[in-house]
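Here is a short briefing on a structure, written for a first look.

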Amino acid sequence: MQKWQNQRAWFLVIPVVVLVAFNALIPLMTVVNYSVQDIFDPTHRIFVGTEWYQEMLLNSRLQHALLRQLIFSGLVLLIELPLGVAIALTMPRRGGWAISATLVIIALPLLIPWNVIGTIWVIFLRPDVGLLGHFIDHTLGIHFDYPTVPLQAWISVMMMEVWHWTPLVVLLAYAGLRSIPDAYYQAASIDAASRWAVFRYIELPKMRGVLTIAVLLRFMDSFLIYTEPFVLTGGGPGDATTFLSIYLVKLAVGEFDVGKAAAFSIIYFLIVLLFSYVFYQVLLRAQRGEVR
Amino acid sequence: MRLTLENVTKTVREQPYLYDVNLDLVSGSFNVLLGPTQAGKTSLLRLMAGLDFPNSGTIREDGTDVTLLGVRKRNVAMVYQEFVNYPSFTVYENIAAPLRRAKRLAAPQVDARVRATAQMMHIDHLLQRLPSELSGGQQQRVALARALVKEAPLLLLDEPLVNLDYKLREELRRELREIFRHGATTVVYATTEPQEALLFGGNTVVLDAGRVLQSGPALDIYHCPATIRASQVFSDPPINLIRANIDPQGCRLSPSVAFPLAPHMRALRPGDYRVGVRADHIGLTGHAEYGCLIRAKVELAEINGSETYVHAGHGDFQMIALLQGVHEFGLGDEIDLYLDPRRLFVFDGAGDLVAAPGENAGGTGAH
Amino acid sequence: MKDRGRFIWLLVYLLVLLLPIYWMLNMSLRDNNDIMSRLAFFPDHPVLHNYIEILTDPSWYWGYINSFAYVSINTAICLVVALPAAYAFSRYRFLGDKHLFFWLLTNRMAPAAVFLLPVFQLYSALGLLDTYIAVALAHTLFNVPLAVWILEGFMSGVPREIDETAFIDGYSLPRFFLVVFIPLIRAGVGVTAFFCFMFSWVELLFARTLTVTNAKPIAVVMTRTVSASGLDWGLLAAAGMLTIVPGALVIYFVRNYIAKGFALGRV
Amino acid sequence: MALIEFENVAHSYLRSPARMEDYALRPMNLAWQHGGAYALLGPSGSGKTTLLNIISGLLRPSAGRVLFDGRDVTDSSTVQRNIAQVFQFPVIYDTMTVFDNLAFPLRNRGVASAEVRSRVSEVAEMLELTDDLRRRASGLAADEKQKVSLGRGLVRSDVSAILFDEPLTVVDPYLKWRLRRKLKEIHKRYSVTLIYVTHDQGEALTFADRVVVMHDGSVLQEGTPQELFDTPTHRFVGYFIGSPGMNFLPCRLSADGAEVAGQFIPLAAALRSKAAQATGLEIGIRPEAIGLKGSGKGLAVEIGDVVNLGTRKVATCRLGEHEIKVVVPPEQPIPSERGVLEFNPAMTRLYADGRLVG
């Protein structure tokens, strides 16, 4: 669709720009300001240039947190995307209340405050009173103590994450599936296409747009994850589940290292920005592909 | 309203949509924009409406320059190919919208004019429905009513009937023809169908690839297309185009087909040409003096009840002949077709018309 | 036959999805001693006193009211500012439009942890700490870009000819927008409101940082209660269950939009 | 390669249809002979597509049986029925090339790759797609996409029938001529059953050997284009076929003919006796079967609007309150204001309450 050229459209955008600038630009500038100073107290501060940046970039705890974060986000995509698509495929394309009820249930985890998510899983995983914890510990006979065993902590966080966010992928994929006209399925059955061929040549290409969005949202949100693992494991045992945000808060709140935390913030933000940009370009290309 | 376009050019992202268009549409006239898909019909209508603006050139309404005047400041009405109505308004509210907003009429006047227009478009029994509850034909009637009720001096119609059933199209064409017959409105009607141009009569502008090929009264263009392209755009069934060599002795279409020159061809210089002949000018009988016999092999015969379309091949060219009455032919039959040289268009190497039959060519009288 | 197999998998997934929530429900209906003494799949003697305590103690139930208040304000602000902006992005080309759109989206991706401290300072400098409006405004940081993005998708699905017809018919832009256009994208507004509500409701970091007592959201009330009074599992579970209720209600109201609306728009 | 039969087939999209109006397709018996070219003609909403989908097996009829060569296939899938179908709007597989799109129905049926290549190139040749075979199908224009859709329908050599659902909707008039001709060529060459759904009477008549006219979910008439044109059994068929459609003039029987608006039209005695008891009588006559003269014996009328369509002229005449359309050759002069009409007696039909008397 060809758009009208009109500079006055800016007036429509101004409220959004002002609001977001107020919330984003002012704090961002403050953070930049902190990141180049050493602050002892409100009256004593010295300019230190890029010192904090150098220190943070060489900081092995940050590097490990970043690595952990990348592995975590990668796993999130690897598990949630195929799972979400598979579940969306099992949902009927048409139907009245059954579809509504299914959608409501599926969306439920998305509407639970994040710390409550953590709480639910703390309860659920307790070997003494939690159903799953009890099941693993007693029925399967595996000694289950996720607060002290790093691998079990990882698996627990992963389970919680998959439980929490796969519904979003399901909703998106289902929306994509619903938008495919019946004629495509009819043509496929005329052409004797197998179920796999229908998925591969009709459903997948038609879902490309929403799936790109799903990748984008899931990667970014998992990259920023804080509350749920914090409630569940507190980043432990040791640093085993300390992701970037958890480490950042530890640094800023726990160690009152404002300068370092600010430099860390900026680095963090730039990493996110880089990924966003790459994904945004991919997204644009996918949309252009749809138009063509 | 007299609408004048001078040297209007429109490019979008370096891609030309319209080249150097010059048009002069007389006040109260009915004008048909005829051209294939992508010819630039919609682009031209949008410029006329003030929805888009040309890159260069001038648009005048009654002499006043309105080139850069936006749509809200112009007094136009427009109907699209898609059925565009306000989905959340009833039919009544849809039709009333331009009266309330653009005309700012009082309620009783609005009511009277909405009802009158709805009656004219035969949708007065549907006034309280929503557009989504109507059939396609009814939806387009609502859109037409909304455009008509405004009584704007310029009405633009962008292929308004193309998405309707054949018979509905026929009905609405007829109604529109009645409505516009005595109107003071300048109407511009875009279509891909030559039949519509002829049916509405009026002024026809033949458009192709962003250029105006020809403009003038519909029948004049039909009888005298300025170029090969114009003759193709203005033919349904397609015009037959055949390579020909002309010298003073006659015109040769193939080693075995030649005929003496018809009067209108005699002034032509010897050389290679292309001749165009319409399907209805090829028949099973020939004129004693001029008939040109072509022995052709039937490739397909289509019968529509009262007429027969014969697709036939001769040597390296193919023809479509429109025969009156029902004729059964077998596939591959050899038949004798007569082409009437007095009805031939002759085009030169550049595709320009160099000879056309006179108005009365071959006919038994004038119309 | 094939369909039945598919539905069984779907049913299994739904059960797994509900299991942790069911477990919390189960615990919320038992008292702490009962919970600690044995593992029971069903509460044998269901008790409601956990719920009663929450619903009668102001320090508990005000948490819910607070949460609801700032979430609603946030949703309203997001829609009001995002609707015109999304229209601009979907209909017009203007200087810097693509860059602006990208910049907006980057804010959706900004780590909350990064902005925590400066946002706290900013709002305390403005004297807005511990008010609904502070949390509502802070949450626009990630909700407004999302709202613009979703609405832009829905609006681009509406043919431009509708706008043009309205302008030909003499509508002014604001009037057209309110009377014709917004009813057209109802589903989009519904879906957008759903997402704004959801992300504001579930967010904790900003909400905790910007509130002290007056505007403290329920999620924060929960965390503090946990650390202060040891672990009363039953009470905690009941409070958790009650945080799910508003969300479930919201989904119920927009369930048709979710099914239909998603397909129309960008998401 | 099959004889396709409908036995009391009816369909409703409602779960428990109560009245006749609830049926998209009312009970009908029909047969399609092997190798015929059929058109299903009717306005939108007349049940054409429903009928087509029941033949192909995309839809299971609510009642009745579908037989292929006497075998009950009511519950068989489209694959089992071996049907090809082309839809109104192009359905293409975006991610594949044009070649792969055309090869898809063959490969799914395990056809050997050499055979696939030869079939695809034959079809591509026929549809003038040879130069596009390597291109991605998503990059094509709408009419080219529709050619690819058509090609997928035509590529299989052994189908029971090929069904077309208004396949030329998105195609320019000029290309329509070419594509319709291609379809006819294919039909002649492979003598496969073709069933073609359309709302365009011209398309239906020129395409088909036999035309089925549908209205409100029922079949009104089935016959050759000639039968439908010359002797429509229903008023609707007369109106719907022909452009302009048949003229209908309410009349009264008189001693040796019929009286319309005070004027006399001769009718054969046999016709008059058949209609003696009938009510709601109307004379039906094609605009092509009326002669128009300046003076002489016949029906005196006022002449109104005359339209020159290039290949024919259509004159609208008034007889009392009735309107009569007359088609004459473009060269023929038309008298102004007043004229005389002469009905071809062999083509004059009589209708009672909308049904043909004779």
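**Domains and a helix pair**

In this predicted model, the centres of domain 1 of chain C and domain 2 of chain C, taken over C-alpha atoms, are 31 Å apart. The domain assignment places domain 1 of chain C at residues 1-47 and domain 2 of chain C at residues 53-264.

**Where the domains of chain C touch**

- The contact joins 9 residues of domain 1 of chain C to 8 residues of domain 2 of chain C.
- On the domain 1 side, the elements that give two or more residues are α1 (2-28) and α2 (32-37) of chain C.
- Of the elements on that side, α1(C) gives the most, with 5 residues.
- By type, the residues on the domain 1 side are 5 nonpolar, 2 polar and 2 charged.

**How two helices of chain A pack**

- Two packed helices are described by the angle between their axes and the distance between the axes.
- For helix α3 (residues 60-90) of chain A and helix α9 (residues 195-223) of chain A, the axes come within 9 Å and cross at roughly 145°.
- The crossing of α3(A) past α9(A) is right-handed.
- From α3(A), the contact is made by Gln69(A), Phe72(A), Ser73(A), Val76(A), Leu77(A), Glu80(A) and Leu81(A).
- From α9(A), the contact is made by Ala214(A), Val215(A), Arg218(A), Phe219(A), Ser222(A) and Phe223(A).
- The residues of this contact between α3(A) and α9(A) comprise 8 nonpolar, 3 polar and 2 charged.

Note on methods. Residues are numbered from 1 along each chain as its sequence is written. Chains are lettered from A and ligands numbered from 1 in the order in which they are written. This is a predicted model: local features need pLDDT of at least 70, side-chain atom pairs count only at pLDDT 80 or more; totals for chains, interfaces and linings use all residues. Axes are lines fitted to C-alpha atoms, for helices over the stretch in contact, and angles run from 0 to 180 degrees between N-to-C directions. Helices (H or I, at least four residues) and strands (E, at least two) are DSSP runs, numbered from the N terminus. A crossing is left-handed if the near helix is turned anticlockwise from the far one by less than a right angle, and right-handed if clockwise. Two residues are in contact if their C-beta atoms, placed from the backbone, lie within 7 Å. Ala, Val, Leu, Ile, Met, Phe, Trp, Tyr, Cys and Pro count as nonpolar, Asp, Glu, Lys and Arg as charged, and the others, Gly among them, as polar. Domain bounds come from an automatic or database domain assignment.
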